[in-house]
Amino acid sequence: MTPLTRIPGGALAAVGAILLPVSACAQAGADASLPPSSADFAFVGVSVVPMSSEEVQEDRTVLVEDGRIAWIGGADAEVPSGAEVVDAAGMYLMPGLSEMHAHVPPQADQGEFTDQILFLFLANGVTTIRGMLGAPHHLTLRDDLNNGRKLGPRLVTTGPSLNGNSIPTPASARAAVESQAEAGYDLMKIHPGITRETFDTLAATAQRLDMRFAGHVPADVGVHRFMELEGWTIDHLDGYVNALLGEGAPQPQFFGINAIDHVVEDGVAELVRLTAEAGMAQVPTQSLFEDLLLGGSVDELYARDDVRYVPPQVRANWGQAVDNVRALTDADGGRRFVDLRRRLIKELHDAGVTLLLGSDAPQIFNVPGFSMHEELETLVASGLTPYQALRTGTVNVARHLGADDRGTVAEGQAADLILLEANPLESVANVRRIAGVMVQGRWLSAEEIAAGLDEIAEANRSATPEAP
């Protein structure tokens, strides 16, 4: 990795001309005004990947102040005195990514593990996460992260799980929704086991209190009813295989893997149409399933470099989980299950359904941050272009969350940014080539990221029990 060179503030020579097509209006707007008289940080000579359009704006200066992008102009602009400067010639600046199905440790006494997870996300360019298994102390953590008092990605959090055990009756569902709304959670996490009657009460109470719900689709509810009741997202494409099963299918297990032989694929087009009509956003978490079914042997999965960043006690049972899932079908069935999901992803995207980047980390061999790069690659393997895949973790998330100040690189936007050594529009694999990350205007250099990762790896190498 090429180290960044910090240069004292002052006049800088031009380092080149714009070589790729840039919107005339964007270019005129970028150069029409003089740079501000003060800035905290400056990227000089950088190629901007705005993500508002599929273009690269070469040889730009990007100034950051008070956690926001204050100005974008030519590379020959004079940088305000006192600004920290990165010579970013030959590098690419894009918006930070979002992980829309993350897990923050629910136990309040797991502070060290929580800090490790938050750093792993940041180290991989993830500047926003949606925690999908909330706990009361996550409300304080959310405020500390979102107000910059703690280093880590911004946090959107659910409340504790709502499932067949926690809300067995309509009355308990009503009370749970009211309690989570009063506590101030951003949304509610749905898990399996909820009856249709109870779920209807949950949804009605949520609508009355302006609370959102997302996650799994309980079997008794089904994907069609979940969409009718205006869920915020369906995660894992849960319920989609179940909705495509023909007569004689066995009771679906683990998202319907065991019933793949009974899928009626003629129903895909209609299911996609109904999803688009309902405006039902999806968080596919495709990398989770591809690792589980196609990720090589358990020994090969444990040998992956990123696994060393996870505590042994967390990863201890991952291998058994892989064996359990693979026992539900044969190798051919696993491939057909993955291919069906890839088809759904592509057709949902082409129908205009909002896809949101998420990988369910930390989960079975999905290491926080690292799994986001896998997820991007599975989206491309499903037929999306690199630009379309990157939109699922940038612009799409910002719009879905109603965060108009995020998701693109433009003046006035929040300074949640990734500096890359190669163009991500050419290949999403280039998003792995991180030269630095900025969250809310706070800069983490490549050297700081590497040191933090080494510290986490060492802590988990010496932890007990021994890793498999």
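**Close-up views of a predicted model**

View 1. The charged end of Arg-341 sits over the ring of Phe-289, 3.8 Å from its centre. A charge counts as over a ring if NZ of Lys or CZ of Arg is within 6 Å of the ring centre and within 35 degrees of the ring normal. Arg-212 has its charged end over the ring of Trp-232, 4.3 Å from the centre. This is a predicted model: local features need pLDDT of at least 70, side-chain atom pairs pLDDT 80 or more, while totals for chains, interfaces and linings use all residues. Residues are numbered from 1 along each chain as its sequence is written, and side-chain values use heavy atoms, without hydrogens or water.

**View 2. Phe-213 and Phe-226 form an aromatic pair.** The structure holds 13 aromatic pairs (Phe, Tyr or six-membered Trp ring centres within 6.5 Å; planes under 30 degrees apart are stacked, over 60 edge-to-face, the rest tilted). Phe-213 lies in strand β10 and Phe-226 in helix α6, so the pair ties together parts 13 residues apart in sequence. Helices (H or I, at least four residues) and strands (E, at least two) are DSSP runs, numbered from the N terminus. Both Phe-213 and Phe-226 are buried (under 20% relative accessible area; exposed is over 50%, partly exposed in between; 1.4 Å probe, protein chains only).

**View 3. Three strands make an open sheet.** The order is β6-β7-β8, with parallel pairing (strands pair if DSSP finds at least two bridges between them). β6 and β8 stand at the edges, each with a single partner strand, so one side of each lacks a neighbour in the sheet. Four bridges join β7 to β8.
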